[in-house]
Amino acid sequence: MANGKYVDTIMSEEGVKQGDTLGSLLFALSMQRLYRKCTSGIPGVRCVAVADDLNIIGKAQGVFQAFTNFQKSLTGTGLVIRTEKCGVLWPKATEPPELISSMRLSCASLYIAAL
């Protein structure tokens, strides 16, 4: 826009358009089963998801198992986890386990920004 008039248009050629509420709803519904499945059978671990941001909450061993389960459940879906955008909150005085870096996850000791 320039001076209240259209100057040019960028055509959407693939994917869901930004702000498409139906697309967000359908994505959330399609992921719900996978989110639930990753924590199935792991006591004290739960998932909280906002759109495509998944938070797995619980004791370390269970959280890492749920994360691994979730990674495996994505096989064949075309979806991938961008580990560079994933993080672990390790608010303990002890050193975080080597597993965190071997999974290519960042580690924070105070907080993790979330929606």
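This is a predicted model: local features need pLDDT of at least 70, side-chain atom pairs count only at pLDDT 80 or more; totals for chains, interfaces and linings use all residues.
Colleague: How many aromatic pairs does the structure hold, and is the pair stacked, edge-to-face or tilted?
Modeller: The structure holds 1 aromatic pair. The ring centres of Tyr35 and Phe70 are 5.6 Å apart, and the planes meet at 40 degrees. Stacked needs planes under 30 degrees apart and edge-to-face needs over 60, so this pair is tilted.

Colleague: Which helices does the pair tie together, and how many residues apart in sequence are the parts?
Modeller: Tyr35 belongs to helix H1, residues 21-39. Phe70 belongs to helix H2, residues 60-73. The pair therefore ties together H1 and H2, in parts whose separation in sequence is 35 residues.

Colleague: Is Tyr35 buried or exposed, and what about Phe70?
Modeller: Buried means under 20% relative accessible area. Tyr35 has 10% relative accessibility, and Phe70 has a relative accessible area of 8%. Tyr35 therefore counts as buried, and Phe70 is likewise buried.

Colleague: Which residue lies over the face of Trp90?
Modeller: The distance to the ring centre of Trp90 is 4.9 Å. The residue over that face is Lys92.

Colleague: How many disulfides does a search of the whole structure find?
Modeller: A disulfide needs two cysteine sulfur atoms within 2.5 Å. For Cys47, the closest cysteine sulfur is in Cys38 at 3.4 Å, which is too far for a bond. Cys107 is in no disulfide either, with the nearest cysteine sulfur, in Cys86, 13 Å away. Over the whole structure, the number of disulfides found is 0.

Colleague: What is the relative accessibility of Cys47, and of Cys107?
Modeller: Cys47 counts as partly exposed, and Cys107 also counts as partly exposed. The value for Cys47 is 23%, and for Cys107 it is 38%.

Note on methods
Residues are numbered from 1 along each chain as its sequence is written. Side-chain values use heavy atoms; hydrogens and water are left out. Rings of Phe, Tyr and Trp (its six-membered ring) pair if their centres lie within 6.5 Å; planes under 30 degrees apart count as stacked, over 60 as edge-to-face and the rest as tilted. Helices (H or I, at least four residues) and strands (E, at least two) are DSSP runs, numbered from the N terminus. Buried means under 20% relative accessible area, exposed over 50%, partly exposed in between (1.4 Å probe, protein chains only). A charge sits over a ring if NZ of Lys or CZ of Arg is within 6 Å of the ring centre and within 35 degrees of the ring normal.
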